[in-house]
Amino acid sequence: MNAHDEDRIKQLLQQSLPPVDPAAEPSRDLWPAVLRRLDAEPARSATAPGLLRQNWFDWALLAGLVVFATSFPATIPVFLYYL
Amino acid sequence: MPERSDNVLDRFRQGDLDAFESLFREHQRSVYGWILRIVRDPAAAEDLTVETFWRIHRAHDRFESARPFEPWARRIATRAALDWLRARRTESGLTDQDVADLPSNSAPDPGIAAEIRLKTARAFGRLPPGLRVAAMLAVVEEQPHKEVAAALGISVGAVKLRVFRAIRLLRKDLLEQGITP
């Protein structure tokens, strides 16, 4: 594809999808909808990412423990003793 | 930035709802306009503006009040719009009505047949969302590459690469439909 082809496709694209009017505005006040959304999902939003991070860490810790126990099986009784 | 605005940003960071509303009133139009440029569907752009401000509120404690609000909000808006495009990817592409309904500031060129314009719009709708957004903002909306890069959280070089790949894929799709650009 040469520069001429690229320019032609860009021009075609601009004709097919004309730029949006910069003065376009929402048809209604969206603040009530934002408030409804905040009321509906405040708790989930605050806790979900934290839970995800905690789960990821737990699984990584468990995987590390399994790898360690497989590599050094003699340490399993020692671990069990301290649990 | 005026001192009052800094104060509003500080209060927003602390979770003050009035400060959040002030920021919403100040930026909702630009956020809506930015999303509309990406999704090109006024009703979806309104829903995504609500979604964006909900995400903004959720992330208030991660906002750095020394930095400007607008680019941060734009980045969250771009992510929300991309999520929407990805979720909608399995659905059919743009229709004649979608293209005709969009608030635009320019009339189509009568020299290019309506059918070719529609086929081009549909082919564009089949591009991967990441490429589509970069091309839409940089080529169609003629936004500076630096702003597009900031909104997408990638480098200017990556924006140029995405635009190039989008144009190449679009050309291939059009050729397959018998349209020689």
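Residues 43-48 of chain A keep a pLDDT under 50, and the model gives them one contact beyond four places in sequence. Here pLDDT is the predictor's confidence in each residue, from 0 to 100, and two residues are in contact if their C-beta atoms, placed from the backbone, lie within 7 Å. This is a predicted model, in which local features need pLDDT of at least 70 and side-chain atom pairs count only at pLDDT 80 or more, while totals for chains, interfaces and linings use all residues. Residues are numbered from 1 along each chain as its sequence is written, with chains lettered from A and ligands numbered from 1 in the order in which they are written.

**Confidence**

For the complex, the predictor reports an ipTM of 0.76 and a pTM of 0.74. In chain A, helix α3 (residues 42-71) has the lowest confidence, a mean of 71, and helix α2 (residues 31-40) the highest, at 94. Helices (H or I, at least four residues) and strands (E, at least two) are DSSP runs, numbered from the N terminus.

| Chain | Average pLDDT | Residues scoring at least 70 |
|---|---|---|
| Chain A | pLDDT 80 | 81% |
| Chain B | pLDDT 86 | 83% |

**Chain B, inside and out**

Chain B has nine helices and zero strands. Of its 181 residues, 38% are buried, where buried means 20 or more other C-beta atoms within 10 Å of the residue's own, exposed means 12 or fewer, and partly exposed is in between, again with C-beta atoms placed from the backbone. Take the contacts in chain B between residues at least 6 apart in sequence: 66% of them join residues at least 24 apart.

Where the two meet, domain 1 puts in 11 residues and domain 2 puts in 12. On the domain 1 side, α4(B) gives the largest share, seven residues. That side has four nonpolar, one polar and six charged residues. For these classes, Ala, Val, Leu, Ile, Met, Phe, Trp, Tyr, Cys and Pro count as nonpolar, Asp, Glu, Lys and Arg as charged, and the others, Gly among them, as polar.

**Meeting chain A**

The contact between the chains takes 38 residues from chain B and 28 residues from chain A. On chain B's side, α2 (17-39), α3 (42-58), α6 (114-125), α7 (129-140) and α9 (156-176) each supply at least two residues. By class, this side of chain B has 18 nonpolar, eight polar and 12 charged residues.

Most residues other than glycine have a negative phi. R40(B), however, has a positive phi near 55 degrees and lies in the loop between α2 and α3 of chain B. R40(B) counts as buried because there are 23 C-beta neighbours inside 10 Å. E142(B) also has a positive phi, near 50 degrees, and is found in the loop between α7 and α8 (145-152) of chain B. With 10 C-beta neighbours inside 10 Å, E142(B) counts as exposed.
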